[in-house]
Amino acid sequence: MRYISTRGNAPVLSFEEAMLTGLARDGGLYVPETIPQMSVEDIKALRGLSYEEIGYRVMRPFIGGTFTDDEFREIIAKAYSSFGHDARAPLVQLGANHYLLELFHGPTLAFKDFAMQLIGQLFQAALGRSGERVTIVGATSGDTGSAAIEAFKGLDAVDVFILFPHGRVSEVQRRQMTTPPESNVHALAMDGHFDDCQARLKDMFNDFDFRDGVRLAGVNSINWARVLAQVVYYFSSAVSLGAPDRKVSFTVPTGNFGDVFAGYIAKQMGLPIDRLVIATNQNDILHRCLSTGEYKTSEVHPSISPSMDIQVSSNFERALFYAYGQDGNAVGQLMDELKEGGFTVSQGALQALGEHFDSGRVSEQETGATITEMLARTGEILCPHSAIGARIGDQAQDGETPMITLATAHPAKFPDAVEAATGHRPGLPNRMGDLYERSERVTRVENDLEALKSLVKDRIAR
Ligand SMILES: *Cc1c(COP(=O)(O)O)cnc(C)c1O
């Protein structure tokens, strides 16, 4: 299996290389050269299997020769052993035909753990074999960073630096990043928004001297291995509800488009998915783009669903690549226009996107009201992101196809918003009960590329 860049101008890589690299050298994102197919029989055979075994069967064709079958099975087993639920991604019912896929039973209580715990084990296995060391730098709106730190802390071959927007992550998110005592963990609170953090991260990757000098590796949601890990729960949940004998639809609270893009890959592999519904908060660039074809960035407005406060949705580039018939030049041109503030999706490409994706937007007030209402109607306490999904998922039902809404974080990760909506402050699960007592370690940094680069070089030289 070989991986190509969405901009068509970077070296073709193996799975291992694409995973260790993250961003392609032409600024694009890696995608598989061809998408492996699962037949109706293959999908039927997933019924009743463990999450790990489903993961093995779904992901194996993408890995190529990077790991043996036994190695890959062991990697998956280790990745999910720290989850607090045997089913890993359990389904609960919200309404007659509406289901919630709980993706928050991992060690940092958000769906990012599904990908990051796997990537930690994949890196460990690959680097252990080659004896190399890498520097991981990530940007986070809160959940990616905590998941990355949890997955990489204490590993010998890795230093992990996480940039987060100072003052714009929840206390639980911050503490999950600042309390691990391991010396290979570096939490950096940067002035600005998530988009600023993401921009500095991209700058570091585009500085090839720096990139090669520190052996930079990326684990942001642009990393193909992360998308791949997320494909698995689309299969596990759809099969539980009767696929491939009947279609299902998904609603996905969306920021950087990684999670919902994984659903698109599942569909391309043969899973009978009817609609993939993109749910955004008031930072609704994706909803506007799907509705009008105009992809225009504007100010980020901080919301009670901070993990979706994004205007530049990195993984959308992958969807555009397919919508433009895998034309890397066309994608490269759109991304150049984006630097000037935006672009217009062609009629043909907009139609291609519309064959798979719908979208909706939820206001702040509606988000809170949905948390209140869902508790009354179902007894479920939703985090604000999941509430946005549940509201759009309710609206998008067609009365026949089961709708699965992805619950992306545990309510205890966003206790202020949940308390405001329900009057109850959700408690952390027992396994992380002392988070508020642990001491914090964080470095304040300016939004300045040169300063960031020297900090990284200094820290890894020690
Ligand atoms: C990251 C995140 C999202 C958005 O996921 P994308 O893959 O960036 O679209 C939604 N909800 C929560 C809780 C998250 O952590």
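A residue counts as buried when its relative accessible area is under 20%. In this predicted model, Arg88 has a relative accessible area of 13% and is therefore buried. Arg88 lies in the loop that runs between helix H4 (69–80) and strand S3 (91–95).

For Arg215, which is not a glycine, the angle is about 50°. Arg215 is found in the loop between helix H9 (208–213) and strand S8 (216–217). The relative accessibility of Arg215 is 38%. Partly exposed covers the range between the 20% limit for buried and the 50% limit for exposed, so Arg215 counts as partly exposed.

The ligand is surrounded by 15 residues. The closest of them are Lys112, Asp143, Gly255, Asn256 and Thr408. By class, the shell around the ligand divides into seven polar, five nonpolar and three charged residues.

From Lys112, a polar side-chain atom lies 2.6 Å from a ligand oxygen. Asn256 contributes a polar backbone atom, 2.8 Å from an oxygen atom of the ligand. A polar backbone atom of Asp259 is 2.9 Å from an oxygen atom of the ligand. On its own, the ligand has 380 Å² of accessible area, and the protein covers 98% of this. The space that the ligand takes is the largest cavity.

Two further loop sites were examined. Thr6 is placed in the loop between strand S1 (3–5) and helix H1 (15–21). Its relative accessibility is 0%, so Thr6 counts as buried. The side chain of Thr6 is joined to that of Glu317 by a polar contact of 2.7 Å.

The other site involves a proline. The peptide bond from Ala243 to Pro244 is cis. Its omega is near 5°. Pro244 has its place in the loop between helix H10 (224–240) and strand S9 (248–253).

How values were computed:
Residues are numbered from 1 along each chain as its sequence is written. This is a predicted model: local features need pLDDT of at least 70, side-chain atom pairs count only at pLDDT 80 or more; totals for chains, interfaces and linings use all residues. Side-chain values use heavy atoms; hydrogens and water are left out. A residue is near a molecule or strand if one of its heavy atoms lies within 4 Å of it. A polar contact is a pair of N or O atoms within 3.5 Å; within protein, one must be able to donate a hydrogen and the other to accept it, and residues adjacent in sequence count only if both atoms are side-chain atoms. Accessible areas come from the Shrake-Rupley method with a 1.4 Å probe; for residues, only the protein chains shown count as cover. On a 1 Å grid over the protein atoms alone, a cavity is a set of points where a 1.4 Å probe fits but cannot get out, and a pocket is an open set with protein on both sides within 12 Å along at least five of seven lines; lining residues have an atom within 4 Å of a point. A molecule sits in a cavity or pocket if more than half of its atoms lie within 2 Å of its grid points. Ala, Val, Leu, Ile, Met, Phe, Trp, Tyr, Cys and Pro count as nonpolar, Asp, Glu, Lys and Arg as charged, and the others, Gly among them, as polar. Helices (H or I, at least four residues) and strands (E, at least two) are DSSP runs, numbered from the N terminus. Buried means under 20% relative accessible area, exposed over 50%, partly exposed in between (1.4 Å probe, protein chains only).
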